[in-house]
Amino acid sequence: RLVAKYDLLAIQPGEKVVIVDWKTNLKKPARSSLSHRLQTRLYPLLLVEAGQSVNDGTPLQPDQIEMVYWFTADPVRPEIFPYSADQYNLDQNFLQKLIAEVKAASQSRFALTTDLRMCRFCNYRSLCDRGDQAASMEEDLELEDAGPAAGFDLDFEQISEIEF
């Protein structure tokens, strides 16, 4: 299952949908870093796939969608990522490949990352013998949102499916 938890969807019916994701990082990451985040690719794609549920039953086209990252560290300069049909196709292929890789690897052990900084926020780090407890965001300013959101308790059985 693919899930997006949007901070804010601003919908102008029949015109445009803006995904706003606010970040409370103490340091604003580089735009190039944001452009490669899975969130930047997944959120707009899922809105194209299932957006009719928030658009009075009318499907959304990729060029109607825009992703905006708003930072408390730099509130006057949000990072804006317009979406397009070309980007949608790239993201679809990327995610299909990623899902296939996960399915293929599910029968064997996943390779551990060599970048131990990525493990700092992982709640499952003890399974890999990389510590017992995840770090807090204040402990490391370089990484952002690498672990599950605090207080984010998701029960998949309570979410209705949207077929696409």
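Good morning. Please keep in mind throughout that the model before you is a predicted one.

Where does Glu66 sit? Glu66 is found in strand E3. Is Glu66 buried or exposed? Its relative accessibility is 16%, and because buried means under 20%, Glu66 counts as buried. Leaving aside residues up to four places away in sequence, Glu66 touches Lys16, Val17, Val18 and Ile19, and also Ile80, Phe81 and Pro82. Strand E2 covers residues 16–23, and strand E4 covers residues 79–82.

Let me now step back to the chain. The protein chain has three helices and four strands. Along the sequence, these elements follow the pattern β-β-α-α-β-β-α. The protein chain holds 164 residues, of which buried residues make up 30%. Consider also the contacts with a separation of 6 or more: 58% of them are between residues 24 or more positions apart.

Two pairs of residues illustrate this kind of separation. Asn25 and Thr72 stand 47 residues apart in sequence, yet their C-alpha atoms are 7.2 Å apart in space. Asn25 belongs to the loop between E2 and H1, and it counts as buried at 14% relative accessibility. The second pair is Leu46 and Gln92, which are 46 residues apart in sequence and 9.7 Å apart in space, again from C-alpha to C-alpha. Leu46 lies in helix H2 and, with a relative accessibility of 11%, counts as buried.

The loop that holds Asn25 also holds Lys28, between strand E2 and helix H1. What does the side chain of Lys28 meet? One partner is the side chain of Glu79, in a polar contact of 3.2 Å.

Why may we call H2 largely enclosed by the rest of the structure? Because twelve of its 13 residues are buried. Among them are Gln39, Tyr43, Pro44 and Leu47. The elements that cover these buried residues include strands E1, E2, E3 and E4, together with helices H1 and H3.

The last topic is how H2 meets H3. Two packed helices are described by the angle between their axes and by the distance between those axes. For H2 and H3, the angle is about 105° and the axes are 10 Å apart. An angle of 65 to 115 degrees counts as roughly perpendicular, and H2 and H3 are therefore roughly perpendicular to each other. From H2, the residues in this contact are Leu38, Arg41, Leu42, Leu45, Val48 and Glu49; from H3, they are Gln87, Tyr88, Leu90, Asp91, Gln92, Phe94, Leu95 and Leu98. By type, the contact residues divide into nine nonpolar, two polar and three charged.

Thank you for your attention.

Technical notes:
Residues are numbered from 1 along each chain as its sequence is written. This is a predicted model: local features need pLDDT of at least 70, side-chain atom pairs count only at pLDDT 80 or more; totals for chains, interfaces and linings use all residues. Side-chain values use heavy atoms; hydrogens and water are left out. Helices (H or I, at least four residues) and strands (E, at least two) are DSSP runs, numbered from the N terminus. A polar contact is a pair of N or O atoms within 3.5 Å; within protein, one must be able to donate a hydrogen and the other to accept it, and residues adjacent in sequence count only if both atoms are side-chain atoms. Buried means under 20% relative accessible area, exposed over 50%, partly exposed in between (1.4 Å probe, protein chains only). Contact means heavy atoms within 4.5 Å. Axes are lines fitted to C-alpha atoms, for helices over the stretch in contact, and angles run from 0 to 180 degrees between N-to-C directions. Angles under 35 degrees count as roughly parallel, over 145 as roughly antiparallel, 65 to 115 as roughly perpendicular and the rest as oblique. Ala, Val, Leu, Ile, Met, Phe, Trp, Tyr, Cys and Pro count as nonpolar, Asp, Glu, Lys and Arg as charged, and the others, Gly among them, as polar.
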